[in-house]
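Subject: Structure handover

Hi,

Here is the structure I promised to pass on. Please open it alongside this email.

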Amino acid sequence: METVPPAVDLVLGASACCLACVFTNPLEVVKTRLQLQGELQARGTYPRLYRGFVASVVAVARADGLCGLQKGLAAGLLYQGLMNGVRFYCYSLACQAGLSQQPGGTVVAGAVAGALGAFVGSPAYLVKTQLQAQTVAAMAVGHQHHHQSLLGALETIWRQQGLAGLWRGVGGAVPRVMVGSAAQLATFASAKAWVQERQGKLYGGLADCLVKIWRQEGPLALYKGLGPVYLRLGPHTVLSMLFWDELRKRAWQGQHQGS
């Protein structure tokens with residue numbers, strides 16, 4: 001993997017994940033509504049306003065307009081920038097120190113980096129969730145906070161609950177991101193190394209790979225594992241990693257051209 005200074009990785013990682021967030025934020029809005037629906041109520045005792053992914057997208061669009069699918073985007077971008085900026089910075093520091101060369105090093109580095117990133121970004125995630133839950137009364141699920149903006153939400157929470165209120169829920173966020181970050185970064189590093197080592201042996205590039213799979217296994221083989229990959233984190237993970245890797249390549253090339 002191309003190496004760039006940790007400070008550069010902070011900017012590149014944050015930028016890559018913010019780009020991915022623009023595409024996946026509608027999924028977050030729908031996910032939030034589905035999770036809050038029927039909160040602490042017995043099944044069958046509440047109206048199901050959101051039913052499945054497609055129907056939920058339509059329901060959000062009808063209630064809040066197409067722009068409603070991007071509710072909480074500013075908070076989402078802030079969260080991605082803070083959380084992943086810190087995460088990639090710390091991961092880059094660990095790799096620079098040689099931890100990634102040790103057995104299980106990428107897993108440990110990914111977990112620790114994810115924990116620190118989750119802690120720093122927790123207030124933005126809290127506000128993002130509250131903003132994404134807000135909708136018209138007829139389609140409301142969960143508690144409605146009636147925030148007017150990202151900054152207004154942060155100010156309201158600060159005044160009503162103090163500094164600790166901004167980190168409410170961090171105890172659940174840190175373990176979740178730790179596990180996801182460890183698996184994501186370790187898997188990406190291993191998969192990229194595997195592809196680079198075998199490129200030219202099994203396949204002569206992307207086009208050759210596609211053609212060979214199509215001929216030998218049929219067109220449906222190109223979609224192996226499609227369902228599991230796109231469960232919740234699939235789109236964001238793929239986009240984030242691709243953007244990050246491409247930005248790192250360009251930064252690395254720029255450094256070497258300049259020298």
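Below is what I found in it, grouped by region. Please keep in mind that this is a predicted model.

The core

The largest nonpolar core has 13 residues. F88, Y91, L185, M241 and W244 have the most contacts inside it. Helix 3 gives the most, with 4 residues. In soluble globular proteins, nonpolar side chains tend to be buried together.

Setting aside residues up to four places away in sequence, M241 touches R87, F88, Q184, L185 and F188.

N84

Is N84 buried or exposed? N84 is buried, because its relative accessible area is 2% and the cut-off for buried is under 20%. N84 sits in helix 3. Its side chain makes a polar contact with the side chain of R87, at 2.8 Å. Beyond its neighbours within four places in sequence, N84 is in contact with G13, A14, C17 and Y79.

Helix 1 against helix 2

The axes of helix 1 and helix 2 (residues 53–64) come within 10 Å and cross at roughly 100 degrees. Angles from 65 to 115 degrees count as roughly perpendicular, so helix 1 is roughly perpendicular to helix 2. From helix 1, the contact uses L27, V29, V30, R33 and L34. From helix 2, it uses F53, S56, V57, V60 and D64. By class, that contact has 7 nonpolar, 1 polar and 2 charged residues.

Two loop residues

L40 lies in the loop between helix 1 and helix 2. L40 counts as exposed because its relative accessibility is 88%, and the cut-off for exposed is over 50%. L40 and G142 are 102 residues apart along the chain, yet their C-alpha atoms are separated by 9.6 Å.

H146 is in the loop between helix 4 and helix 5 (150–165). What is the phi of H146? H146 has a positive phi of about 60 degrees, although it is not a glycine. Most residues other than glycine have a negative phi. H146 is also exposed, with a relative accessible area of 59%.

Best wishes

Methods. Residues numbered from 1 in each chain as written. Predicted model: local features only at pLDDT ≥ 70, side-chain atom pairs only at ≥ 80, totals over all residues. Heavy atoms only, no water. Core = buried A, V, L, I, M, F, W, Y, C linked by side-chain atoms within 4.5 Å. Buried < 20%, exposed > 50% of the residue type's maximum accessible area, 1.4 Å probe, protein only. Contact = heavy atoms within 4.5 Å. Polar contact = N/O pair within 3.5 Å; in protein donor to acceptor, adjacent residues only side chain to side chain. Axes fitted to C-alpha atoms, helices over the stretch in contact; angles between N-to-C directions. Parallel < 35°, antiparallel > 145°, perpendicular 65-115°, else oblique. Nonpolar A, V, L, I, M, F, W, Y, C, P; charged D, E, K, R; others polar.
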